[in-house]
Amino acid sequence: MAPQVSSSNVVGLSRVSKTYRVGSTDVKALDDITLAIPSNRFSIVIGASGSGKTTLLNLIGCIDTPTGGTLEVCGEDVTRLGDDTLADFRARNIGFIFQNFSLVPVLTAYENVEYPLMLLGMPATPRRQRALAVLEAVGLADHAHRFPNELSGGQKQRVAIARALVKRPTLVLADEPTANLDSTTGAAIIALMRRIQGELKTTFIFASHDAQLISHADEIFVIRDGSLLEHRVEGAQ
Amino acid sequence: MSLLLKIVLRNILRNRRRSVMTGSAVAAGSLALLLFGGFTGYIFAGLETGNVQRNGHLTVFHSGYFLFGEGNPAAYGISGYRGVMKMIHDDPVLRPMIQVLTPTQSVVGIAGNFTGTVDASKTFLGIGVVPSDRERMLEWDPYGTRGVSRPDRRMADREENVGLLGFGMARVLGLCGPLRLKDCPPAPDTRPAQDSSASGVNTDVLDLANRGPADPTGAAAGVPQIQLLAATAEGAPNVVNLAVAGVEQQGVRELDDNYVIMDLPLAQQLVYGRGEHKATGIVLQLTRTRDMPAARARLATLIGQHHLPLEIRDFSELNPFYGQVVRLFSAIFLFIALVMGMIVLFAVVNTMTMNVMERTNEIGTTRALGVRRQGIRRQFLMEGMLIGAIGAAIGSILAIAIAMAVNHAGLTWMPPGNANPVPLRVDVLGKPALIVGAWVGLALVATVAALLPANRAARLSVVDALRHV
């Protein structure tokens with residue numbers, strides 16, 4: 001039975017499909033998916049490569065648009081928003097953590113974390129205080145003025161987590177956040193995200209194969225061939 | 001410093017070699033534009049100075065003189081020219097603008113040298129001037145071109161029979177030896193062997209010349225003399241003696257071979273004889289060239305108010321060569337500017353396209369964080385503009401340094417139409433509008449060049465950009 005979209009859900013998809021055109025062929029990445037993701041949870045989307053996990057996350061993150069169906073994120077029907085409005089929406093509501101960290105290479109760790117706050121137009125003093133506090137929370141206060149190429153993979157991902165969380169978003173999306181990390185660092189990163197999610201009551205949605213990450217999930221969505229195969233609710237947080 | 005500017009500057013430094021190469025192309029463009037612009041500016045200043053020294057800024061002629069008067073200067077003389085000069089001199093609007101106000105008289109005729117070993121004659125184009133005014137006109141040099149013409153004091157107001165010849169005229173008349181001219185071969189003795197005295201006709205000319213006022217300077221001082229023969233306004237032949245004080249080489253051979261400069265009363269005596277002495281032109285040399293339109297307009301008003309049959313011409317109308325040179329160098333400058341603009345355009349397009357390609361993933365990330373398309377476009381446009389602005393600034397500094405070095409090297413060159421070499425100078429510092437124009441222009445070209453890659457970056461799909469490796 002497909003989950004119902006309700007006000008306690010941060011994301012709701014109703015018969016969403018996404019088709020890509022590759023040459024002269026249409027490739028259906030998502031096929032008529034309906035699901036709801038509750039807020040303040042540690043949710044994970046799992047599935048084989050090419051199953052549509054990343055496409056689903058891209059749609060939820062409002063960096064891609066569905067070819068059919070309706071998509072509500074943070075209570076807003078994002079399929080109706082224009083490009084600039086979507087950009088502003090992302091700036092306010094959504095934090096991203098990428099597999100390859102995707103830090104801006106010419107900005108220091110502190111400046112990378114500060115960047116989302118500048119996009120929101122936050123004044124300098126609270127901006128600085130909050131950016132430093134988040135860097136402190138991820139254990140990188142001492143590395144604030146280092147550039148990404150001066151940081152290890154784990155440190156880069158911590159900066160990426162700080163950047164995603166600094167604006168206190170409703171939703172954090174993480175696509176394979178531990179894929180480029182060794183298992184020890186990956187475990188530390190998962191523990192960090194879990195701790196911060198608990199503290200901030202932020203909704204985390206992951207796409208991952210990582211068994212460690214799956215073991216921490218509150219909600220698991222299994223995708224196969226672009227369709228929702230299963231939705232499991234794990235034990236209490 | 002804003003985050004955008006910080007990102008832009010650091011990205012420029014990040015691709016240091018590429019930025020340096022592109023900035024160098026812009027700097028080279030700026031350097032070429034400024035040096036050539038400075039050089040042409042100096043050429044224009046030199047040409048203007050030469051023209052204004054010789055012809056003044058404005059000349060008042062009898063109506064019709066400019067089109068028809070060269071063939072018959074006597075018929076186009078300004079009657080009562082002293083009154084017209086007084087009217088101009090006393091005008092409160094014109095007076096502060098005028099440095100020299102002087103009459104001139106054109107005269108055409110035949111010049112002959114029948115007194116020495118040479119028996120030569122040829123047609124001449126003469127100009128009668130007030131020597132002291134001419135000396136003052138030669139001092140006009142607001143651009144510091146130094147040496148277009150220099151006052152020489154070889155003619156004086158009270159020495160009415162003393163004048164100067166073109167170098168070619170002196171050579172043809174066999175005056176190279178008497179005037180001790182360098183690089184001037186003496187004329188062969190062409191007199192018939194059996195009769196070394198002047199021919200019958202020449203004796204008549206000498207007799208006529210000697211009936212005029214006694215020459216207080218020429219023959220007595222041992223200065224070579226020539227005879228000038230012209231027809232008076234009434235058509236009667238008139239001959240005067242001219243003591244040749246030296247030569248004044250003209251840049252154009254046709255003029256150099258025919259040129260005679262003499263005291264105004266002597267020219268008037270030749271043209272008008274015992275009749276009313278008129279003037280061909282009233283020359284106004286202004287203190288500043290930029291006053292020329294205002295002075296011309298005021299002159300036209302005065303002439304209109306007094307219903308005088310006069311017309312006004314400026315130095316560029318009297319000497320079309322000036323306008324031709326200005327147009328030629330302006331066209332070359334424009335061509336160079338276009339070539340440099342194209343080089344800068346392609347260099348910046350290439351660099352920015354590579355920057356966009358290299359930073360595609362970064363563009364996707366920042367778009368995902370909430371940066372609008374316009375923000376991406378602005379970032380790359382600013383990057384192009386800064387590369388252009390920094391390159392152009394470096395080019396400007398180099399151009400100023402090179403110009404100063406050239407100006408202090410003491411080099412000389414012979415501009416077209418000049419008889420003597422002049423200092424080679426590149427006037428860059430004196431042309432702030434050129435510096436600012438080149439700087440703004442190149443920065444603008446670089447910004448426009450960045451527009452295409454910037455638009456491409458802004459239009460990238462976020463998902464595709466994030467997928468880019």
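**Exercise 1.** Describe the make-up of chain B in this predicted model, stating how many helices and strands chain B has.

*Solution.* Begin with the secondary structure, where chain B shows 17 helices and eleven strands. Next, turn to burial: of the 469 residues in chain B, 45% are buried.

**Exercise 2.** Work out which helices of chain A supply at least two residues each to the side that touches chain B, and which helix gives the most.

*Solution.* First take the contact as a whole, to which chain A brings 19 residues and chain B brings 18 residues. On the side of chain A, helix H2 (83-93) and helix H3 (109-119) each supply at least two residues, and H2(A) gives the most, with six residues. Sorted by class, the residues on this side of chain A are eleven nonpolar, three polar and five charged.

**Exercise 3.** Decide how H3(A) and H5(A) are oriented relative to each other.

*Solution.* Start from the geometry: H3(A) packs against helix H5 (residues 153-165) of chain A at an angle of about 25 degrees, and their axes are 7 Å apart. Angles under 35 degrees count as roughly parallel, and therefore H3(A) and H5(A) are roughly parallel to each other. Their crossing is right-handed. To locate the contact, look in H3(A) for A:Ala109, A:Asn112, A:Val113, A:Tyr115 and A:Pro116, which meet A:Val159, A:Ala162 and A:Arg163 in H5(A). By class, this contact comprises six nonpolar residues, one polar and one charged.

Key:
Residues numbered from 1 in each chain as written. Chains lettered and ligands numbered in written order. Predicted model: local features only at pLDDT ≥ 70, side-chain atom pairs only at ≥ 80, totals over all residues. Contact = placed C-beta atoms within 7 Å. Helix = DSSP H or I, 4+ residues; strand = E, 2+ residues; numbered from the N terminus. Nonpolar A, V, L, I, M, F, W, Y, C, P; charged D, E, K, R; others polar. Buried ≥ 20, exposed ≤ 12 C-beta atoms within 10 Å, placed from the backbone. Axes fitted to C-alpha atoms, helices over the stretch in contact; angles between N-to-C directions. Parallel < 35°, antiparallel > 145°, perpendicular 65-115°, else oblique. Left-handed = near helix turned anticlockwise from the far one by under 90°.
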